[in-house]
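Hello,

Here is the structure I promised to pass on to you. Have a look at it first, and then read on for what turned up in it.

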Amino acid sequence: MQTDYLESSFLGSKEAARSMPKEVLPDEGMNPDTAETLVNHIRLNEAKADQNLATFCTTQMEPQADRLMLGSLETNAIDKSEYPKTTAMENYTISMVAHMWNIGEGKKLFQDFIGTSTVGSSEGCMLGGLALLHSWKHRAKAAGLDIDNLHEHKPNLVIMSAFQVVWEKFCTYWNVEMREVPMDENHMSLNTDTVMDYVDENTIGIVGIQGITYTGRVDDIQKLDELVSEYNQTAKLPIKIHVDAAFGGFFAPFVDGFKPWDFRLKNVASINVSGHKYGMVYPGIGWIVWRENTEDYLPAEMRFSVPYLGSSVDSIAINFSHSGAHIVAQYYNMIRFGREGFTAIMNNVRSVSQRINQELKDLGIFEIINDGSQLPINCWKIADNVELTWNLYDLEDKLKEYGWQVPAYPLPVSLEDVTISRIVVRPSMTMAICDDFIEDLTRAIDDLNRNHLIHHAS
């Protein structure tokens with residue numbers, strides 16, 4: 001029997017001498033402090049936040065935000081009448097985000113435009129795609145198309161081939177044909193020379209990506225808007241643009257170098273963003289805004305009335321019960337940093353990204369795919385004229401020995417024989433962390449050169 005004075009410690013406990021339960025619920029419980037310690041032991045080999053250069057997601061928040069999240073974990077964001085202040089903060093944030101994207105001076109949420117929080121940007125993509133699909137169905141039916149005849153009128157969505165998997169899921173779940181505009185070495189973003197070749201009367205819309213995770217590039221949505229305007233002048237069924245700004249939506253508004261990509265462009269119907277990327281909230285929050293609060297943009301079949309403060313509001317989200325903690329944290333970030341703070345943070349992030357780019361160039365063995373001059377992501381491959389005894393997968397493994405996570409992966413269809421490495425520079429990455437990484441990168445490359453490895457299969 002366990003001795004009383006060991007009860008609050010895992011040291012000497014019977015649980016510490018056993019493997020952790022993995023398949024069957026244990027018959028007995030254990031001391032909460034011991035349980036906490038042993039769960040942390042399971043997580044020992046997970047990446048340290050500061051050295052995880054692979055993820056786009058926020059891994060660190062301020063202690064004040066941590067406390068706010070902890071204090072609101074028990075709330076249910078879907079119950080708007082039970083948690084009206086969480087709903088209010090959600091609405092405040094939607095409005096701030098919409099105006100950040102130039103929705104128009106003086107425009108009001110629910111009067112002029114509409115939006116919702118989501119569980120990550122993927123739900124935002126799903127909702128944006130569904131709105132395009134249902135609004136197309138209404139236009140097609142009004143134009144006399146037999147939309148039940150899928151052989152003749154199966155809806156399609158046009159997007160460049162380096163899309164996030166959520167778009168493939170959307171097309172699969174709702175029986176939409178995905179028309180991929182392929183990448184090539186001269187087009188690492190949407191090819192605006194050919195994109196309209198993929199459009200016809202069954203096209204529900206075109207997705208422009210403001211931050212391609214594979215390459216760090218951005219689609220030329222301003223040019224796409226011009227092409228769509230020209231197409232719509234004579235089209236039987238005009239089309240709209242949805243902007244997937246999961247990556248760039250909280251970055252581009254605060255730094256220079258970007259063409260108009262948001263609601264300044266008249267054919268942009270909706271935009272989604274990830275709050276847990278450059279919105280600087282822990283994973284689990286996203287946002288979507290529609291240009292107008294009309295059925296042409298957000299059809300009636302996507303609106304479900306729920307009670308709120310003696311009246312009712314539209315419930316749009318796909319997900320149901322989830323904590324309001326992430327909404328509270330996002331609102332905290334908005335009021336905590338403001339435009340001035342976000343601008344300073346994102347410009348610091350860009351400075352770190354450009355420093356990494358310069359160091360990569362100075363090594364003389366890499367070809368830069370994305371230099372961090374727009375979005376803060378650094379992508380590179382081994383230069384074609386360089387002979388090495390190792391490849392980027394070997395470099396990935398070697399950097400792990402120093403604690404760094406830097407993924408290597410092939411590009412999408414049409415360029416799948418090209419392998420690149422990628423670093424995502426997040427707001428928590430200071431120049432001091434960057435200095436440490438550069439030193440370890442140089443050491444890793446020296447180690448690989450000395451060891452003459454037989455490298456991974458490409």
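**What turned up in the model**

Let me begin with a pair of strands: E5 (residues 241–244) and E6 (residues 268–274) run parallel and are joined by 4 bridges. Within that pair, His242 has Ser270 of E6 as its bridge partner. Please keep in mind as you read that this is a predicted model.

**The sheet around that pair**

E5 and E6 belong to an open sheet of 7 strands with mixed pairing, in the order E1-E7-E6-E5-E4-E2-E3. Strand E1 (114–118) and strand E3 (177–181) are at the edges with a single partner strand each, so one side of each has no neighbour in the sheet. On average, neighbouring strands of this sheet are turned by 20° against each other, with direction ignored.

E7 has antiparallel pairings to report. With E6, E7 pairs in the antiparallel sense over 5 bridges, and Val273 stands opposite Trp287 of E7. E1 and E7 also run antiparallel, joined by 5 bridges; here Gly115 is opposite Val289 of E7.

How many of the residues of E7 are buried? The count is 5 of 5, so to speak a strand that is mostly covered. Both of its faces are covered: Gly286, Ile288 and Trp290 are buried on one side, and Trp287 and Val289 are buried on the other.

Helix H6 (residues 165–173) lies across strand E2 (156–160), E3, strand E4 (203–209) and E5, and runs at about 170° to E2. Helix H7 (residues 221–232) also packs on the sheet, where it touches E4, E5 and E6, and its direction makes about 160° with that of E4.

**The annotated lysine**

An unreviewed UniProt entry carries the annotation "modified residue: N6-(pyridoxal phosphate)lysine" for Lys277. This residue sits in the loop between E6 and strand E7 (286–290). Is Lys277 buried or exposed? Its relative accessible area is 12%, under the 20% cut-off, so Lys277 counts as buried. Leaving out residues up to four places away in sequence, Lys277 touches Phe56, Thr58, Ser121, Ala246 and Phe247.

Gln210 is in the loop between E4 and H7. With a relative accessibility of 1%, Gln210 is buried. Beyond its neighbours within four places in sequence, its contacts include Val218, Asp219, Val243, Asp244, Phe247, Trp261 and Leu375.

Asp225 is placed in helix H7 itself, and at 8% relative accessibility it too is buried. Setting aside neighbours within four places in sequence, Asp225 is in contact with Ile241, Leu265, Lys266, Asn267 and Val268.

Lys259 lies in the loop between E5 and E6. Its relative accessibility of 47% makes Lys259 partly exposed. Apart from neighbours within four places in sequence, Lys259 is in contact with Asp220, Gln222 and Arg264.

**Domains and the nonpolar core**

Stepping back, the domain assignment gives domain 1 (1–46), domain 2 (67–332) and domain 3 (348–450). The centres of domain 1 and domain 2, taken over C-alpha atoms, are 45 Å apart.

The largest nonpolar core has 136 residues, and Trp167, Phe170, Phe366 and Leu395 have the most contacts inside it. Which helix gives the largest share of this core? That is H8 (residues 325–363), with 15 residues. As for Leu395, its contacts beyond four places in sequence are Phe366, Trp390, Leu441, Ala444, Ile445 and Leu448.

Happy browsing, and do write back if you have questions.

Best wishes

Note on methods: Residues numbered from 1 in each chain as written. Predicted model: local features only at pLDDT ≥ 70, side-chain atom pairs only at ≥ 80, totals over all residues. Heavy atoms only, no water. Domains from an automatic or database assignment. Pairing = 2+ DSSP bridges. Helix = DSSP H or I, 4+ residues; strand = E, 2+ residues; numbered from the N terminus. Axes fitted to C-alpha atoms, helices over the stretch in contact; angles between N-to-C directions. Contact = heavy atoms within 4.5 Å. UniProt positions renumbered as here; feature names shortened; annotations may be inferred. Buried < 20%, exposed > 50% of the residue type's maximum accessible area, 1.4 Å probe, protein only. Core = buried A, V, L, I, M, F, W, Y, C linked by side-chain atoms within 4.5 Å.
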